[in-house]
Structures are given as structure tokens and as C-alpha cells.
Amino acid sequence: MKFYVCIKMVPDVNAPLQIKDGKLIQDADRQILNAYDASAVEEALVLKEKHGGEVEVVSIGTSKASETIRKALAMGADKATHIVTEGNGDYDSGSYARILARFFEDKEYDVLSLGKQSQDTDAGLTGSMVAEMLNLPYATNAVGLEAEEGKLIVKRQGDTGQEMIELPTPCAVTCSNDMNEPRIPNLKGIMASKRKPMEQVELSSLGLNEDDLTASTTVLGYEEKPEREAGKKFEGEAGEIAREVAQLLDTEANVI
Amino acid sequence: MSTILTHIAIADGKIKRSSLEVLSHCKQLADQSGHSVEAVVVDANASSFVEGIQKYGASKVYVVEDPIFKNHMNTPLLKALVKVMESANPSVFAFASTEGTKDILGALAANQNAAVLPDVSSFELMDGGVKAKRPVMAAKIISNTEAKGDTVLVSIRSGSYDLAENETSAEVANVDFSMDDSELKATLKEIISASGDTIDLNEAESIVAAGRGVKDEEGQKLISELAEVLNAGIGASRALTEAGVYDPSLQIGQTGKVVSPQLYIAVGISGAIQHVAGMANSKVIVAINKDPDAPIFEIADYGIVGDLYKVLPPFIEEIKKIKN
Ligand SMILES: Cc1cc2nc3c(=O)[nH]c(=O)nc-3n(C[C@H](O)[C@H](O)[C@H](O)COP(=O)(O)OP(=O)(O)OC[C@H]3O[C@@H](n4cnc5c(N)ncnc54)[C@H](O)[C@@H]3O)c2cc1C
Ligand SMILES: Cc1cc2nc3c(=O)[nH]c(=O)nc-3n(C[C@H](O)[C@H](O)[C@H](O)COP(=O)(O)OP(=O)(O)OC[C@H]3O[C@@H](n4cnc5c(N)ncnc54)[C@H](O)[C@@H]3O)c2cc1C
């Protein structure tokens, strides 16, 4: 099976952040591979190990994104395409989806795999947008994948239960991090990743110009969330504090 | 005058409350701006929900009824929504942010060439589009976003708005729908449902959530007992859904569900940002944790520092007494 996995470099949400004049200030070096994309890479590798085939990763981003791509190669992906952009502040999910759709238009593959959402924005749009643009059958929020001849079997987490969905290939799928525990690259993988092919593609060579990519959504600025104050902390004999809090939930908070 | 269309989601034979929250808000926006608010319901028994929708002020209800909608599948749902959009021609199409919505929102936007703002916590109309607040960076901060275009799709987190009844006699538009099996790109093979009649966490007044500190069956029994006396839904952290202790549908947080009950009791949960992302909007938060420095205490209204195995039995007893 030929897998293409779309991966995104995201700011580490655990890194301290600050908002100044509506702008987000964060250590630009703390960038990681989107956790959902790491799960997508992992699952593609597992299926390749079982059934043979190839795993290629594709990422759109500035030159810095190559670090994230190396990580996926070190995990075991066979090769990579880096679609290079100057900045990425002004694009939205729709812009990225148009770039990806254009890139995949003339490619051959069985499965196009993406993360179910990006850890920083939680947008979760790109996957089904690309599928629609390429007219591919798709499933989102996958928590398990199986491959059969000409088919991908997706276990999808729905609102109340899991759905088993059979997609004919080629198809698209978006992955949850509930699917697996992505492998940590070992030294051998890291060494090997340096020799793996990473092709750089310019937007212009895809026949796209800035007008094609104009975003219909704009981030005007960021603001702090209204802080939740820490309330009262109760320490002491378990029975005593348990009863005290139960009473307060009734008399003070009025919630029971 | 333009139209605000709202999607009414059905789950387990009932209208999802979060859809009515969205409809209530849209009705208010429509009244303020002189727009009209309409609704669409797509289900195997769609027409049976019209009455329930009329209570919340839609002036027209599009009904798409077909056996194919018995279970969620993206291809038929997309086809139905595209059809309704083409006749309603909405300037805004609003959804409750369910897994069903997340499955189709991007595709619908691409199909209709519409702008889209997913998973917002509030939104308002502006000239030529929509302005919204979106929690980002694992809901640590808010991003003020706007979408411009003739059509804007927006999905709203549950619990963002209150219900407001507003009885109307809506016009009902039955939409013809048919779909060949050959058009169905995918096949739904099986549904593995969570155990029976669990409480919908998005609608629960109270939630008892279990984390890694709940180590064994004895702990799970205590969780169930507490949930029972409070008539609460049971939720879980990723540590326990991953371990297979609780069904994945019960996961609360960035990957799981975003909830906002009146009362949230976090038991043996450390309070990682990805968990907090899903529950920080609860009205009252109680945390039970043996580590006094656990981050969950930073957002808890009532923090009980102690071993859950020792705290829960007297806690449950006391609540029973209060309830009687
Ligand atoms: C803190 C922060 C907040 C932001 N908030 C917003 C916002 O509110 N609204 C907005 O429109 N933009 C926002 N952006 C801009 C944002 O960078 C783009 O919208 C985003 O990169 C496009 O992807 P997504 O997050 O929408 O993807 P999603 O739709 O969430 O991503 C799903 C999947 O698509 C694939 N994918 C996404 N991007 C790429 C890529 N570059 N290369 C390869 N595959 C990819 C991955 O598989 C990913 O898992 C924000 C950026 C930051 C840093
Ligand atoms: C992209 C991404 C998405 C994620 N999405 C989610 C999500 O949706 N939901 C989610 O929950 N997590 C999510 N996570 C995982 C999250 O980061 C944490 O790993 C997880 O929430 C930890 O679960 P926990 O608090 O139960 O376990 P731990 O962090 O291990 O905490 C256990 C706590 O129990 C306490 N404890 C132990 N024994 C006792 C006792 N006897 N009595 C009282 N207290 C006790 C300990 O002091 C500790 O604080 C996500 C992570 C990533 C990277």
C-alpha cells in the first residue's frame, strides 16, 4: 500500500506563552510534530510492516518544518516532500487544503492520511476538505485502521460509539492519537533519516499563486481566557474533609 | 434580509440539546439583525422532530427524511446538506460541534466554497461575515477570528449558549432525497456502541470523571456509586480510556469531548492541559487528588487533598444524606 501522510509542525502547547497587544509570543524553537500526525505516521508504518508498501510524508511550511519532517523519517517513513512556504501566518485550513489537493491531484496512492486536527488550532478541517476536493471517500477521527485488498477498514470514534467503516482505496482518513502510541525514533532511525530523500517543492511549481490561497478566515488577535481562580483546598482527615465539601456543594455551591 | 440556517443533530432518537442552544442563539441574532432563522433536520425519522424545533423559533424547517440516515454516514449527510443549502441559500449555517459535524464540516465548506469557523465558543454577525472566539493552544487562550464570504459555516461548542424557548409556527419544507448504494462511497459495517443508556456527557448536569488514580475495580465501583447518587454521567481521562477501563466515548479533553456541566468532580486526575481543555468551563469543579501540588487544584473550586479510596466512601455517604 502506498501511504501519503500529511504532517504539520505545531508550536508545543506545553511551552509557556504570552499575549502582548493581541499577539502571541512564544519560543519559536519549541515546535513539534503534531501529535495526531505522529499517530497517522505510526499507523501507516504498522500497516506497511504488515502488508508492504511505502510511506511518504508531506508537509507544508517554512524551512524550519524540515526538522519535523526528519522526525517522521526517523520514525521510519521512506521519503518526504516539503512544500516550502515563506511564512504561514495568513493561510487557513482552506489554503492548506488547496495546496495539498493540488499536490495529490496527479499522484498515485492507496491512502491519504492526515491528523484529525492540529494540536494548536484544533481546527480539524483540512482532512475532509482535501477529500472533498479530490472526490475521495473518507473517514475522520479514526482510532484503528486495517488494510485489505483494495480496502481500508476504519474504526471511527463517533459521538456515542465506534463505527466500522469500509473505504475503497484510494481514500482519505484522519487519525486520532487514540489509535496508537507513536514510536520514539532510535539512533539508527535518526542516522538513516539523514540519507532519506526529502524533495523540496515550491508553491509556484504547483501552479499556485497567492491569490489561489487567499484565506477566507483571519485571526484578528489573541486574548487571555478569563482565569479560573483556585478555590479552597481541604487537607486533613479524609472523612472530615469529604463531609465538609459535600455540605458546601449543597449549601454554598447549590449543585447537589 | 438573509437567512441563518441551523443544523439540528439527532442522537438516540432525541434532538441534541447543543443544537437547540445554537438555534436559540441564532434566533436572538436573527431578531437583532432582521434576518430569518431556519433549521434543517436530517434523520430517518426527521419529521417527528419538527415540533421540538418549532419551540425554539425557526421560521422554516427543512426536513430530510430517509432510512439511510438511521446511522451517521458522511456521504449521504453531505448530499442532503448541500441540497438544503442550495435552496435555503444561507449567509450563515450554524452547527453544534458534534463528532458528526466535525466529520463533514470541512467537506461541506469545500463543496460550497464557504468560509468556515470550527469549534467556536461564541460568535456574532458582522458586515459580510461572522466574528467568533475560538479556544486554541489546547484551550489555553482565545483566538479572535473572522470569516468573510457569502456563506459562512460555523460550529459551536456545547454549553456555549443557554436555551431560550420561542414558540413559532414554522413552515415545513420536505426535501426530496434519494441515494443509490452506488453513490455511497463508503460502507458502514458495524456500530460498536458504548454500554447501553449512558448519560450524554454534553447534556449532563453533573459529571464524575475518573483518572489514573482510580487504579482498580474497587475504585471504579466508587466512581459508579458517586455518579449514581448524583445522577451524574461518568467521564474519564485519557489514561483510563487508553487503558480500556472506560469506553473511548467517555474521554474528556482535547482529543475527547468538551463538556460544561454544573458540577464536575475530577477523581485521581492530575489536570494535564489537554484534559483541562475539555472541562475548564464547568460551573463548579471539585478535585480529589492525593498530590497537593497536582495542577488540577489550580482550577478547582473545592480541592480535596487525599486518597480517593479514603475520601470517596464518606463523601458518597454524606451526599446520600443530603439527598434524602
Ligand atoms: C496559535 C495559533 C492559532 C491559530 N488559530 C487559527 C484560527 O483560529 N483560525 C485559522 O484559520 N488559522 C489559525 N491559525 C493558522 C493555522 O496555522 C492554520 O489554520 C493551519 O496551519 C492550517 O491547519 P489547521 O490548523 O487549520 O489544520 P487542521 O485542519 O486542524 O489540520 C488537520 C490535519 O491537516 C494536515 N495539515 C494541516 N496543516 C498542514 C501543513 N501545513 N502541512 C501538511 N499537513 C497539514 C495535518 O495532517 C493535520 O493533522 C493559528 C495558528 C496558530 C499558531
Ligand atoms: C494531543 C494530545 C491530546 C490529548 N487529549 C487528551 C484528552 O482528550 N483527555 C485527557 O484526559 N488527556 C488527553 N491527553 C493526555 C494528557 O496529556 C494526560 O496524559 C492525561 O490527561 C493524564 O491522565 P490522568 O490525569 O488520569 O493521569 P496522571 O497524569 O497520571 O494523573 C493521575 C493523578 O492521580 C493522582 N492519584 C494517584 N493515586 C491516587 C489516589 N489513591 N487518590 C487520589 N489521587 C490519586 C495522582 O496524584 C495524579 O495526579 C492528550 C495528550 C495529547 C498530547
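By class, the residues in the shell around ligand 2 come out as nine nonpolar, 16 polar and five charged. This is a predicted model, and the ligand site is a handy place to start reading it. The shell holds 30 residues, and the closest are B:Gly211, B:Gly213, B:Arg238, B:Gly253 and B:Ser270. Both chains A and B supply residues around ligand 2, so the site is shared between them. The elements that give two or more residues to this shell are helix H6 (238-242), helix H7 (273-276), E17 and helix H8 (308-323) of chain B.

Now for the contact between the chains themselves. It takes 73 residues from chain B and 69 residues from chain A. On the chain B side, the elements giving two or more residues are H4, E7, strand E10 (141-148), strand E13 (187-193), E17, E18 and H8. H4(B) gives the most to that side, with eleven residues. Sorted by class, the side of chain B that touches chain A has 40 nonpolar, 17 polar and 16 charged residues.

The two chains also come together in a sheet. Six strands, paired in parallel, make up an open sheet with the order E15(A)-E18(B)-E17(B)-E16(B)-E14(B)-E15(B). At its edges stand strand E15 (232-234) of chain A and strand E15 (233-236) of chain B; each has a single partner strand, so one side of each is left without a neighbour in the sheet. From one strand to the next, the twist averages 20°. Where the chains join up, E15(A) and E18(B) pair in the parallel sense over three bridges, with A:Phe234 opposite B:Ile304 in E18(B). Within chain B, strand E16 (residues 263-267) pairs with strand E17 (residues 284-289), again in the parallel sense, over five bridges. Here B:Tyr264 stands opposite B:Ile285 in E17(B). Lying across E15 of chain A together with E17 and strand E18 (302-305) of chain B is H6(A), which runs at about 170° to E18(B).

Elsewhere in chain B, helix H1 (residues 17-33) has 17 residues and reaches 24 Å from its first C-alpha to its last, close to the 24 Å expected at 1.5 Å a residue. The buried residues of H1(B) are B:Ser18, B:Ser19, B:Leu20, B:Glu21, B:Val22, B:Leu23, B:Ser24, B:His25, B:Cys26, B:Lys27 and B:Ala30. Their cover includes five strands of chain B, namely E1 (3-8), E3 (14-15), E4 (36-43), E6 (92-96) and E11 (152-156).

Most residues other than glycine have a negative phi, and most peptide bonds are trans. Against that background, A:Asn254 has a positive phi of about 55° without being a glycine; it sits in the segment after helix H6 (238-251) of chain A. A:Asn254 counts as exposed because it has 11 C-beta neighbours inside 10 Å. In chain B, B:Asn113 likewise has a positive phi of about 55° although it is not a glycine, and its place is the loop between helix H4 (99-112) and strand E7 (115-120). With 11 other C-beta atoms within 10 Å, B:Asn113 is exposed. Finally, the peptide bond from A:Thr169 to A:Pro170 is cis, with omega near 0°; A:Pro170 lies in the loop between strand E11 (161-168) and strand E12 (171-175) of chain A.

Key
Residues are numbered from 1 along each chain as its sequence is written. Chains are lettered from A and ligands numbered from 1 in the order in which they are written. This is a predicted model: local features need pLDDT of at least 70, side-chain atom pairs count only at pLDDT 80 or more; totals for chains, interfaces and linings use all residues. Helices (H or I, at least four residues) and strands (E, at least two) are DSSP runs, numbered from the N terminus. The expected span of a helix is 1.5 Å times one less than its number of residues. A residue is buried if 20 or more other C-beta atoms lie within 10 Å of its own, exposed if 12 or fewer, and partly exposed in between; C-beta atoms are placed from the backbone. Two residues are in contact if their C-beta atoms, placed from the backbone, lie within 7 Å. Two strands pair if DSSP finds at least two bridges between them. Axes are lines fitted to C-alpha atoms, for helices over the stretch in contact, and angles run from 0 to 180 degrees between N-to-C directions. A residue is near a molecule or strand if its C-beta atom, placed from the backbone, lies within 6 Å of it. Ala, Val, Leu, Ile, Met, Phe, Trp, Tyr, Cys and Pro count as nonpolar, Asp, Glu, Lys and Arg as charged, and the others, Gly among them, as polar.
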